[in-house]
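Here are a few friendly notes to read alongside the model. Keep the 3D view open and find each residue as you go.

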Amino acid sequence: MTERSTTQLSPVLRVLANEGERLKASLLHPVRSVPMAFLAVIVLGAGILMLPISRTGEAEDIITTAFFTAVSAVCVTGLITVDTATFWTPFGHVVILALIQVGGFGIMSLATLLALFVRKTIGLRGQLVAQSETHTLNFGDVKTVLFRVLKIMAYFEALTAIVLTVRFWIAYDDNPGAAVWHGVFHAVSAFNNAGFALYSDNLIGFAEDPWIIVPICAAIVAGGLGFPVIIQLGRDRLRFKNWTIHLRLTVYGSLLLLAVGIALFAAFEWNRPETLGSMGFGGKVLGSLAGGVFPRTAGFNSIDYGAATPETLMVTNVLMFIGGGSAGTAGGIKITTFLVLAFAIWNEIRGREQVTIAHRSISSSTQRQALTVALLGVGAVILGTMLLLMTTDYSLEKVLFESISAFGTVGLSTGITYNLPPTAEWVLMALMFTGRIGTITVASAIALASRPRHFMLPEERPIIG
């Protein structure tokens, strides 16, 4: 090649190099890194679950079954198309448990933590990615928050596992090894709000056992509060004056939704023989407690939701869609999103221009962010429900319940998941992935894309209502 031709090509090479750098930067943008990482782990998990060592039998479509299980585990949902206890081998159970733990902790958070162990430091991009996943406010806090999250998960999972292990060993004749394994698996599944169980009837067989139901409910609530709330509670405890608005909204909102959920579940199911009616008083109380806690994105069930009343399913739909706290293991649109919108509506009804909560004003950008997350959630559920109606013969009531359960990463089902065609299973996979990743991505994208505007356009008021 002549010197002249090389000179002519050099601008082209520079353009291609610049485009390559831009493409790389675009793909590694914090908002895109999180869903790409989750997708990579899902593909890896599904590949391992397809191996003969992971399963005891054959499915009609093992690819779809493996991917569905991997998506459900990584997105800490709990929806299943095969019996977890019998279809997967002990090795498959270990794979599922690992996927739940990785998905609950946060894949990019885990990668950042590993980088800290190996390199003793993280770059700006790593901090941005971890910040978008953990909702950390300051770059300097990322390292501290990640280690605190790891300690919190280990503490709650170990405590729950100890209680469950002792109970399985003493009351259910499990040998020590089996008791430890059952205790650890269900503790991790509970704290990560995953809802996977190693029993074919999930937790129905333990519906009247407080030593199983109560620890699992406690772990679910703890994981569903969100790591920022647990960290702040550990620091400020009952010094209510130091509580931030986020802490107040999450704690008080969780208590309110739990009370409402438990009370309404008891009111609708207390005397029905198909659910709570055949139990004693203590069993009914435990069943009502589980009925209020499990829909908070956990997915365990101690009753057959296929036999529940339409009223119970409707209340459960609302609880599943709202979900738990931000930056934790729960799904849904999150409690803070729901309450910010509720306060915005209340202040608008009262004719107040400024939205205030506990003598603090909520910025318009936060309100817009909450509205965006909520409406996109509504849109995802509506679209998923329509697609399921088009691909199955089930009623709107059952299909809507399944869609909200998938989007809220809950895992409760009226029993139709086992009989869905492959197309419908892929729709639920998309909903689970959107529910787990979508709210993180949307919230981070809005925060990172916000730019101050140095001018104001003329205002105009369209007719509302």
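1. Start with the aromatic side chains: Phe-168, Tyr-172, Tyr-199 and Phe-206 are joined into a cluster by ring pairs. Keep in mind that you are looking at a predicted model. In total, the structure holds 16 aromatic pairs. One of them is formed by Phe-294 and Phe-300, whose ring centres lie 6.0 Å apart with 55 degrees between the planes, a tilted arrangement. Both Phe-294 and Phe-300 are buried.

2. Now look for charges. The structure holds three salt bridges. In one of them, Arg-167 partners with Asp-209, and their closest N and O atoms are 3.0 Å apart. This pair links distant parts of the chain, 42 residues apart: Arg-167 belongs to helix H8, while Asp-209 sits in the loop between helix H9 and helix H10. Arg-167 has 26% relative accessibility, so it counts as partly exposed. Asp-209 has 4%, so it counts as buried.

3. Which residues are linked in a network of salt bridges? They are Glu-269, Arg-272 and Glu-274. The closest N and O atoms are 3.0 Å apart between Glu-269 and Arg-272, and 3.6 Å apart between Glu-274 and Arg-272. Glu-269 is buried at 0% relative accessibility, whereas Arg-272 is partly exposed at 22% and Glu-274 is partly exposed at 46%.

4. Finally, turn to helices H11 and H12. Their axes come within 10 Å and cross at roughly 105 degrees, so H11 and H12 are roughly perpendicular to each other. Val-229, Gln-232 and Leu-233 of H11 meet His-246, Leu-247, Thr-250 and Val-251 of H12. Of these contact residues, four are nonpolar, three are polar and none is charged.

Notes
Residues are numbered from 1 along each chain as its sequence is written. This is a predicted model: local features need pLDDT of at least 70, side-chain atom pairs count only at pLDDT 80 or more; totals for chains, interfaces and linings use all residues. Side-chain values use heavy atoms; hydrogens and water are left out. Axes are lines fitted to C-alpha atoms, for helices over the stretch in contact, and angles run from 0 to 180 degrees between N-to-C directions. Helices (H or I, at least four residues) and strands (E, at least two) are DSSP runs, numbered from the N terminus. Angles under 35 degrees count as roughly parallel, over 145 as roughly antiparallel, 65 to 115 as roughly perpendicular and the rest as oblique. Contact means heavy atoms within 4.5 Å. Ala, Val, Leu, Ile, Met, Phe, Trp, Tyr, Cys and Pro count as nonpolar, Asp, Glu, Lys and Arg as charged, and the others, Gly among them, as polar. Rings of Phe, Tyr and Trp (its six-membered ring) pair if their centres lie within 6.5 Å; planes under 30 degrees apart count as stacked, over 60 as edge-to-face and the rest as tilted. Buried means under 20% relative accessible area, exposed over 50%, partly exposed in between (1.4 Å probe, protein chains only). A salt bridge is a side-chain nitrogen of Lys or Arg within 4 Å of a carboxyl oxygen of Asp or Glu.
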